[in-house]
Amino acid sequence: MKKTQFSLNKYTNHSGTLIKKYKNIFGQYVFVLRENDSKVYVNVGKALFDFYNINDRITVGKIGRRLINIRPGEYFHKKRISSCKNCRNIELRKAWSSSDDYREFISYLKELVNENNFELTEATCSFDKIINADGWASDIITHVICCKKCGQTFRCHADTYHGIGGFDAENQVK
Ligand SMILES: [Zn+2]
């Protein structure tokens, strides 16, 4: 399971406030984040460009200007308050303690989806590809599930190269 992908050495995470967004002369959509006293530039897709607004707090993982992942709010886990019976007791994670821990958690997500109370809305690979496979499908693995009762989405993330990740609620779409 040796990883030699050079570019991922340049992977960085930034939490900040979206202070500016624009389409540049090459037609690329750009977000400018203020993180402490510095500015962070990242290229995003059109959908994300439209989705996030000035003054939103977001966290991005990127290599150079290339966006690898994006999530609302701070990088670290925040307690979620929900009144929805279906999803309020869902287990959240700040980190993975081991690869087995992550695999087990993916089994848990698979159960949630199979039990039919949650829908898998985004995935970089299938659950089984993680549960049954020896290596990793990719360096960055993402699964998003959506509560079928209230629409709350939850993002599961693993950066297998850096060994980080977690599972948390995303901000509700207003
Ligand atoms: Zn719910």
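**Figure 1. The largest nonpolar core of the predicted model comprises 20 residues.** Within this core, the residues with the most contacts are Y102, F105, I106, L109, I145 and F154. Two or more residues each are contributed by α2 (99-114), α3 (127-131), β7 (140-147), β8 and β9. Helix α2 provides the largest share, with 5 residues. Once neighbours within four places in sequence are set aside, I106 is in contact with F127, I130 and I131. In soluble globular proteins, nonpolar side chains tend to be buried together.

**Figure 2. A separate core of 6 residues lies apart from the largest one.** Its members include F31, V42, I58 and V60. Over the whole protein, buried residues account for 22% of the 174 residues.

**Figure 3. D100 is a residue of helix α2.** Is D100 buried or exposed? D100 counts as exposed because it has 9 C-beta neighbours inside 10 Å, and the cut-off for exposure is 12 or fewer.

**Figure 4. Four strands form an open antiparallel sheet in the order β6-β7-β8-β9.** The edges are β6 (118-123) and β9 (164-169), each of which pairs on one side only. From one strand to the next, the twist averages 15°. Strand β8 (residues 153-159) is joined to β9 by 6 bridges in the antiparallel sense. Across this pairing, R155 stands opposite D168 of β9. Strands of a sheet pair through backbone hydrogen bonds, either parallel or antiparallel.

**Figure 5. Strands β1 and β2 form a hairpin with 5 residues between them.** Strand β1 (residues 11-23) and strand β2 (residues 29-35) run antiparallel and are joined by 6 bridges. L18 has L33 in β2 as its bridge partner. In the turn, G27 adopts a positive phi of about 80°.

**Figure 6. The hairpin of β2 and β3 has 2 residues between its strands.** Here 7 bridges connect β2 with strand β3 (residues 38-44) in an antiparallel arrangement. Y29 stands opposite V44 of β3. N36 takes a positive phi near 55° in this hairpin.

**Figure 7. The protein contains 3 helices and 9 strands.** Read from the N terminus, the elements follow the order β-β-β-α-β-β-α-β-α-β-β-β. Considering contacts between residues at least 6 apart in sequence, 47% join residues that are at least 24 apart.

**Figure 8. Confidence in the prediction averages a pLDDT of 85 across the protein.** A value of 70 or more is reached by 88% of the residues. Among the elements, β6 has the highest mean pLDDT (96), whereas strand β5 (residues 66-72) has the lowest (82). For residues 1-6 the pLDDT is below 50, and this stretch makes 4 contacts in the model beyond near neighbours in sequence. Residues 75-80 likewise stay under 50, and the model has 10 contacts for them beyond four places in sequence. Where pLDDT is low, the predicted coordinates should not be read in detail.

Definitions and conventions
Residues numbered from 1 in each chain as written. Pairing = 2+ DSSP bridges. Axes fitted to C-alpha atoms, helices over the stretch in contact; angles between N-to-C directions. Contact = placed C-beta atoms within 7 Å. Core = buried A, V, L, I, M, F, W, Y, C linked by C-beta atoms within 7 Å. pLDDT = per-residue confidence, 0-100.
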